[in-house]
Amino acid sequence: MRRRLTRNDVAAPAAFRNLQVPAPLAGPPGGHNPFAMKVLLVHPSGLMYSEIFLRLEPLGLERVAAAAADAGHEVRLVDLQVYRPDELDRVLGDFRPDAVGVSLNYLANVPEVVDLAKAVKARLPSCHVFVGGHSVSFVADQVLEHAEGAIDAVLRGEGESGVVPLLAALPDKAAKEVAGAVTLEGSGPPPTMLDDLDDHLPARHLGGRRRRYFIGVLDPAASVEFTRGCPWDCSFCSAWTFYGRSYRALSPDAAAEDLSRVREHGVFIVDDVSFIRAEHGDAIAREVERRKLHKEYYLETRCDVLLRNEEVFRRWRRLGLTYLFLGLEALDDEGLKALRKRSSEDTNRRALELARSMGLDVAINIIADPDWDEARFEAVRRWATSVPEIVNITVQTPYPGTETWLTEARRLTTRDYRLFDVQHAVLPTRLPLERFYRELVTTQSVLARKHLGARALAHTAGIAARHLAHGQTNFVRMLWKFSSVYNAERQTAEHARPARYLMPEPPEAVQSPPRDALYIHVPLRVQRRARRDTAEAAQ
């Protein structure tokens, strides 16, 4: 396991101290690399949803930073969610990195990232620029074309396992030989998964301005990861296609060790589905108890997992679990079946009742189909106002990497990356587009009035006062920002913006696409079979 890293590893030059950008992260003792590079990692700015409800630390990029530093590279990290573009420009000028890596986890950030790559190349022509992350793994060729040579490589798949060989290959123009790398000259072998998730725990001290990260009432909030991947196969989701429907876990000791490094009291557990395996959740809980860690937690899980592993969630409730996100997605069995949730209306109802009985604050998500009419929106409003939970509405969006990208027979009405943020309709709407947004925003505003504005402040006055007393304003600002962000006129007008970069056209719709066409990482069972076959052939 990596040693505990501190700000004293390397001193920051004066220019960086003035910017309050944390010091570079050097490799551990014995990690000297004669080919070490200066590496700057960049996270793009936030999306529409993050303007109100949350702003999360770039946990994946912090783990990639740790992997690069462990190999002896000098690493800095700038998160444009909390730093301004002009501050990034100053870092580029002062640090003059040999390589710049940009995370691209959301399609809506593609134009920003492409333009950033072009700006870096214009300023530092010899600098190697690479991009990695979830969404870009599914559109690597298109992003390379958009960049017109400004991006040297796209790294598909998990960044921790690929960043070190990529950094070694870039100076020799051999990136196309690296597993997971895609270049204009060719592509390497399929990406490889990190052998052990215990390796390369996040280098959180690199990011700076951590007080800006929050999720709802948890202000500030850090993020941690206990598991990675999802064994379910919901048609609208790309988590399972990215990881080859695999599911892996940190050891309980590593999970608790990472949690012990977190200074913030609020913690968001980023796992796609928390505590799928009850014994793993219990084992981490034991370590947390042994280390006497006292935090307040927010996590996501499925309704069926909550019901099946009730005792684990009750144990974490005693440890500080306060907020729970449940992805219901649909209100009836027909809708759940269409999304292949492998759940039921009754399961969802019982899970909500259980969460209420545990005293948890619950948020749920419902996916709005662009085919909804006024009556459907009204029915959702009636249901959502009848329950105590925070109800969020997103718009059904076929993404590259999801099964719906290959099966959706309705044609896209736009190919503007910026609109693929689950807050805009990119499929034909039954209602006129502006009317659809008016119904959507009306529904969201009715739900928001339950939990935002003066009513929310009245119920959370004590929490708000404590936050303000400690200089934390994210949560209080959130309470008043809804109408300035969610606005039917704004969302309609955004469809008319000129688009410099367009997504690829989806292929002709098919009913049952082959799973192999969806996966970024080869499923673990296939890898095991291949290793077994190779071993048998060698005998």
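Helices here are DSSP runs of H or I with at least four residues, strands are E runs of at least two, and both are numbered from the N terminus. You're looking at a predicted model, where local features need pLDDT of at least 70, side-chain atom pairs count only at pLDDT 80 or more, and totals for chains, interfaces and linings use all residues. Residues are numbered from 1 along each chain as its sequence is written, and side-chain values use heavy atoms, with hydrogens and water left out.

**Stop one: α2**

Select residues 59–70. That's α2, 12 residues reaching 17 Å from first C-alpha to last, close to the 16 Å expected (1.5 Å times one less than the number of residues).

Now colour α2 by burial: 10 of its 12 residues are buried (under 20% relative accessible area, with a 1.4 Å probe and protein chains only). Among them are Leu59, Leu61, Val64 and the run from Ala65 to Ala69, plus Glu62 and Arg63.

What do they pack against? Show β1 (38–43), β3 (74–79), β4 (99–103), α6 (159–169), β10 (221–224) and β11 (227–229); contact means heavy atoms within 4.5 Å.

**Stop two: α9 and α11**

Next, select 278–290 (α9) and 310–319 (α11): their axes come within 9 Å and cross at roughly 20 degrees. The axes are lines fitted to C-alpha atoms over the stretch in contact, with angles from 0 to 180 degrees between N-to-C directions. So α9 and α11 are roughly parallel to each other (angles under 35 degrees).

Technical notes:
Buried means under 20% relative accessible area, exposed over 50%, partly exposed in between (1.4 Å probe, protein chains only). Angles under 35 degrees count as roughly parallel, over 145 as roughly antiparallel, 65 to 115 as roughly perpendicular and the rest as oblique.
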